[in-house]
Amino acid sequence: MQGIIIATLVVGVIGLLIGVALVATGKKFYVEVDERVTAVRECLPGNNCGACGFAGCDAVADAIVSKAALPNACPVCSADATAKIGSIMGVSAVKGVRKVAFVQCAGDCNSTSEKCNYVGIDDCRAAVLAGISIWECDYGCLGYGSCVRACAFDAIHVVDGVAIVDTSKCTGCGQCAKACPKDLIELTREDKAVAVRCSSKDKGAQVKNVCSAGCIGCKLCLKQCENDAITVEGNVARIDYDKCIGCGKCADKCPSKIITRFYS
């Protein structure tokens, strides 16, 4: 009986010493957390999408408080959340024009046709790695949904064989663009009025042979623009949104109707 009592006392003393040591160590190595980091973190969406260029929401919160990043560093934040972060940091945070994803292709199942049957993983990257040209247009959307699976906001879906973005849900995180192996998705200003839904580099006759919705590089849009906002590069029209005033004359004149009013 005496042995049990002694053993219990020894274990108790050892436990007490370990507890004291842990408390002392914790106090010695304690790193004070800036309350602003927690406050900023609570304003962030918490998706850890990486659109800010940092490892996640915790990392960008640390960067904002340490002034390594601006209060509007998170492109996913709402204007109210950005303003609140600015208030926490004691500065005026200006929310820039929101960016959304845009798919530069209109070649759906009604516009182009399959060149061959692809049998494999339903993933655009896998199809590209297979080295097979599936659609008649070599530049178009493959429609296997790599971008859909990359989106954490349910903002992009494949409709009739081509990816379409729901801008009301899109946060501009850019994950869909990173997932597209054909670089068909770009981040662009939400307030743009018109957009070119084509990426083909072929000449007009070649384009029409494979896709009825393709840009033929006719330059009629260029002639209509009074602000030098349109150029034709690589046989496809491109719009400079810093110059575009949204008059829509290019879209009205486009014979292929590939310059369209920006959809939502």
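Before anything else, I wrote down that contact means heavy atoms within 4.5 Å. With that in hand, I looked up I64, leaving out residues up to four places away in sequence, and found that I64 touches V40, A69, L70, P71, A73, I85 and M89.

Some ground rules for my own use. This is a predicted model, where local features need pLDDT of at least 70 and side-chain atom pairs count only at pLDDT 80 or more, while totals for chains, interfaces and linings use all residues. Residues are numbered from 1 along each chain as its sequence is written, and side-chain values use heavy atoms, with hydrogens and water left out.

**Entry: helix α3**

I noted that helices (H or I, at least four residues) and strands (E, at least two) are DSSP runs, numbered from the N terminus. Which residues of α3 are buried? I found C57, V60, A61, A63, I64 and V65, where buried means under 20% relative accessible area, exposed over 50% and partly exposed in between (1.4 Å probe, protein chains only). Their cover includes α2 (35-43) and α4 (79-89).

**Entry: D58**

I placed D58 in α3, which spans residues 57-65. Not counting residues up to four places away in sequence, D58 touches R41 and N48. The side chains of D58 and R41 are joined by a polar contact of 2.6 Å. For that term I use a pair of N or O atoms within 3.5 Å; within protein, one must be able to donate a hydrogen and the other to accept it, and residues adjacent in sequence count only if both atoms are side-chain atoms. I also checked T38, 20 residues from D58 along the chain, and the two C-alpha atoms are 8.8 Å apart.

**Entry: the core**

A nonpolar core is a set of buried Ala, Val, Leu, Ile, Met, Phe, Trp, Tyr and Cys residues joined through side-chain atoms within 4.5 Å. The largest one has 37 residues, and V40, L44, I64, I85, V103, I156 and I185 have the most contacts inside it. Which element gives the largest share of this core? It is α3, with six residues. I then found a second, separate core of 24 residues, with A195, A237, C250 and A251 among them.

**Entry: positive phi**

K67 is not a glycine, yet its phi is positive, about 65°. I found K67 in the loop between α3 and α4, exposed at a relative accessible area of 70%. D160, also other than glycine, has a positive phi near 55°. Its place is the loop between β2 (156-159) and β3, and D160 is partly exposed at 44% relative accessible area.
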